[in-house]
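The entries below follow the order in which I went.

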Amino acid sequence: MQQAWIASALEWAGFFGITVGIILVIKHFTLDTRLGDMARHGTIRWVRLGAYVLLLVLGLVAQHLARVLTGGPS
């Protein structure tokens, strides 16, 4: 029973991470470029993009772990 609860929490955390990660990556290449935010120091830009992609990857990993815990296809 507790395993199902953990799998459900991982699935929701993964969904949240994937959704927010995609939104932030799109924002990074559209809105930030239009507002001139990309003109700042290049390192900050890449670190921020890396953090967004890391959030997206962590969401994917959480989704995969939830699928493994429920015995679904991996």
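This is a predicted model: local features need pLDDT of at least 70, side-chain atom pairs count only at pLDDT 80 or more; totals for chains, interfaces and linings use all residues.

What pattern does the protein follow when read along the sequence? I read it as α-α-α, and I counted 3 helices and 0 strands in the protein.

Entry on the whole protein. I found that buried residues make up 20% of the 74 residues; buried means under 20% relative accessible area, exposed over 50%, and partly exposed in between, with a 1.4 Å probe and protein chains only. The accessible surface comes to about 5,300 Å², by the Shrake-Rupley method with a 1.4 Å probe, where for residues only the protein chains shown count as cover. Carbon and sulfur atoms account for 74% of that surface. I then looked at contacts (heavy atoms within 4.5 Å), and among those between residues at least 6 apart in sequence, 73% join residues at least 24 apart.

Entry on aromatic rings. I found 1 aromatic pair in the structure. The rings of Trp12 and Phe15 have their centres 5.9 Å apart and their planes at 85°, so I recorded the pair as edge-to-face. The rule I used takes rings of Phe, Tyr and Trp (its six-membered ring) with centres within 6.5 Å, and calls planes under 30 degrees apart stacked, over 60 edge-to-face and the rest tilted. Both residues lie in helix H1 (residues 2–29), 3 residues apart, which is about one turn of the helix. Trp12 counts as exposed because its relative accessibility is 60%.

Entry on Gln63. This residue lies in helix H3, and, leaving aside neighbours within four places in sequence, I found Gln63 in contact with Leu10, Glu11, Gly14, Phe15 and Ile18. A polar atom of the Gln63 side chain lies 2.6 Å from the backbone oxygen of Glu11. Gln63 and Leu10 are 53 residues apart in sequence, yet 6.3 Å apart in space, C-alpha to C-alpha.

I placed Val57 in helix H3, where its relative accessibility of 38% makes it partly exposed. From Val57 to Gly21 I noted 8.2 Å, C-alpha to C-alpha, with the two residues 36 apart in sequence. Ile26 lies in helix H1 and also counts as partly exposed, at 49% relative accessibility. The C-alpha atoms of Ile26 and Tyr52, 26 residues apart along the chain, are separated by 9.8 Å.

How values were computed
Residues are numbered from 1 along each chain as its sequence is written. Side-chain values use heavy atoms; hydrogens and water are left out. Helices (H or I, at least four residues) and strands (E, at least two) are DSSP runs, numbered from the N terminus. A polar contact is a pair of N or O atoms within 3.5 Å; within protein, one must be able to donate a hydrogen and the other to accept it, and residues adjacent in sequence count only if both atoms are side-chain atoms.
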